[in-house]
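Please go through the structure shown below alongside the text that follows. The paragraphs take up backbone, metal site, cavity and packing in turn.

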Amino acid sequence: MTKLSAAQQATAAKLMGPALAEGHAYARLAELTDGIGPRLSGSESAEAAVQWALRSFQADGVKAWKEPVKVPRWVRGEEHGEILASARTRGLPLSLLALGGSAPTPPEGVTAEVVEVNSLEELAALGDKVKGRIVFFNHTMSEAADYGRFAGLRGRGPAAAAKQGAVAALVRSLATASLSTPHTGSTRFDEGGPRLPAAAVSVEDALTLHRMLQGGAVKVRLVLGCSDLPDADSSNVVAEVRGREKPDEVVLLGAHLDSWDVGTGAHDDGAGVVMVMEAARLIARLPQAPRRTVRVVLFMNEENGLRGGRAYAQAHAKELPKHVAAIEMDAGGGRPLGVSLHAGPGGETLLWPWLAPLEGLGAARFLVGHATGADLSPMEPAHVPFVGVRVDSSRYFDVHHSMADTLDKVDPQDLSRSTAAVTWMAYALAESPGTLARPTGPESDGPPPPKK
Ligand SMILES: [Zn+2]
């Protein structure tokens, strides 16, 4: 296997040195989180983030523009709930957050008996026994890897409960740590289908409800004042460093600019945003551009609609056959662990020499598992190869989608290490003489890459 040339190694140092030493990405993250704050799609702050990104790219000497995206506009209102006192139990306030997409309750709230389920199958088996009840989706998430297993309870559970006649839904927060902090997220109802008020409750409240239900019937009162406003005009922000030899071949770097409306989206996905912006800034500073174009896309509306990811794939459909690789950074600001691939055969052999500069970061290895992300998924039918620059997400779900996702949770050194890794991998994919073979099937069907 060929090694990197001395000149290529020097370029690696030129890109990764400043990423590790300058603290530029972290400073940008402070501007986005403390300066702009939470940025749910359709909000004024989301638009402020679009303007901030355009200004920042301009300051970096990177050409950038907006592309239109119509986004849903869901707005949180007054919200509270309590376990009602009975002869047997004391009344308790619930720590809750309405789920994005939730219907409101009437102003006086909804009061009903709670029925607990642990899976969608268990709910289906109850049939119309949940009619008039509040369905409580409980689960046992304890580590980051559990997220995929239980996210369907939040995403699809409330819609299923509504179809069976339930009056509201409570979902145990999808979290790996809790100090009574609820974690929101989006829930989906069928177009024209029944909807209901749905909220995430803290892990502690879920455990309390579960214990109380062991002793008999429990009633909850829920007040949610959220509302759905008409779709709003918004934008993806796209920026690029043109390739010197094959400018029509694109290496895409993506992250999402929107966040939930609680916390300031520092890990989700401010960290990804500043990493990919920094990659463009550092690559643009090189005396010579890489062979291919490096394009950064800051997607809008990943959290509650994926409209930005869909709009990009649609607007650029003709170019997708020339998207030679795509990287999405949306797993927080942890340290880099390695690289995963969703590509045709031979990808590891092609990229292996280019992993050498990641050795100092402890990330010069291929990892088994996902290489994609939500915003890239609409590009999968076009067989775009996906490259995952995987970061340590073991503590990501401690704060994900909660009030606690703030700048102080992001370690500046970890952020700079992952920034260095993604910067180098973007350059490597844009500079390597060969390109990855295109994957033939969907990601889940691919064979696992060999362990190196
Ligand atoms: Zn995200």
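His 401 is buried because its relative accessible area is 5%, where buried means under 20% relative accessible area, exposed over 50% and partly exposed in between, with a 1.4 Å probe and protein chains only. His 401 is in the loop between H11 and helix H12 (412-431); helices (H or I, at least four residues) and strands (E, at least two) are DSSP runs numbered from the N terminus. His 401 has a positive phi of about 60° although it is not a glycine. The model is a predicted one, in which local features need pLDDT of at least 70 and side-chain atom pairs count only at pLDDT 80 or more, while totals for chains, interfaces and linings use all residues. Residues are numbered from 1 along each chain as its sequence is written, and side-chain values use heavy atoms, with hydrogens and water left out.

Ser 180 also has a positive phi, near 65°, and is not a glycine. Ser 180 sits in the loop between E7 and E8 and counts as partly exposed, at 34% relative accessibility. Most residues other than glycine have a negative phi, and most peptide bonds are trans. A cis peptide bond, with omega about -5°, joins Asp 268 and Asp 269. Asp 269 belongs to helix H8 (residues 266-284).

Asp 268 is also one of the protein donors of the zinc ion: these are His 256 (NE2), Asp 268 (OD), Asp 330 (OD) and Asp 330 (OD), at 1.9 to 2.7 Å from the ion. Donors are N, O and S atoms within 2.8 Å of the metal (3.2 Å for Na, K and Ca); water is not among the atoms, so sites may look incomplete. Why is the arrangement irregular? The four donor atoms subtend angles of 52 to 147° around the zinc ion, which makes it so. Four donors count as tetrahedral if all angles lie between 85 and 135 degrees; four count as square planar and six as octahedral if opposite donors are over 155 degrees apart and all others between 65 and 115, and anything else is irregular. The donor residues of the zinc ion are spaced H-x11-D-x61-D in sequence. His 256 in strand E11 (residues 246-256) and Asp 330 in the loop between strand E13 (323-328) and strand E14 (336-342) are 74 residues apart, so this pair links distant parts of the chain. His 256 is buried, with a relative accessible area of 0%.

Asp 268 and His 401 are among the residues that line the largest cavity, together with Ser 259, Trp 260, Val 262, Gly 265, Glu 303 and Asp 405.

Helix H5 (residues 147-155) is largely enclosed by the rest of the structure, because seven of its nine residues are buried. The buried residues include Tyr 147, Phe 150 and Leu 153. Among the elements covering the buried residues of H5 are helix H4 (120-126), strand E6 (134-137) and helix H11 (396-399).

Val 201, in strand E8, is buried at 0% relative accessibility. Leaving aside neighbours within four places in sequence, Val 201 is in contact (heavy atoms within 4.5 Å) with residues including Ser 95, Leu 170 and Pro 182. Pro 194 lies in the loop between strand E7 (168-172) and strand E8 (198-201) and is partly exposed, at 40%.

Note on methods: 1 Å grid on protein atoms, 1.4 Å probe; cavity = no way out; pocket = protein on both sides within 12 Å on 5 of 7 lines; lining within 4 Å.
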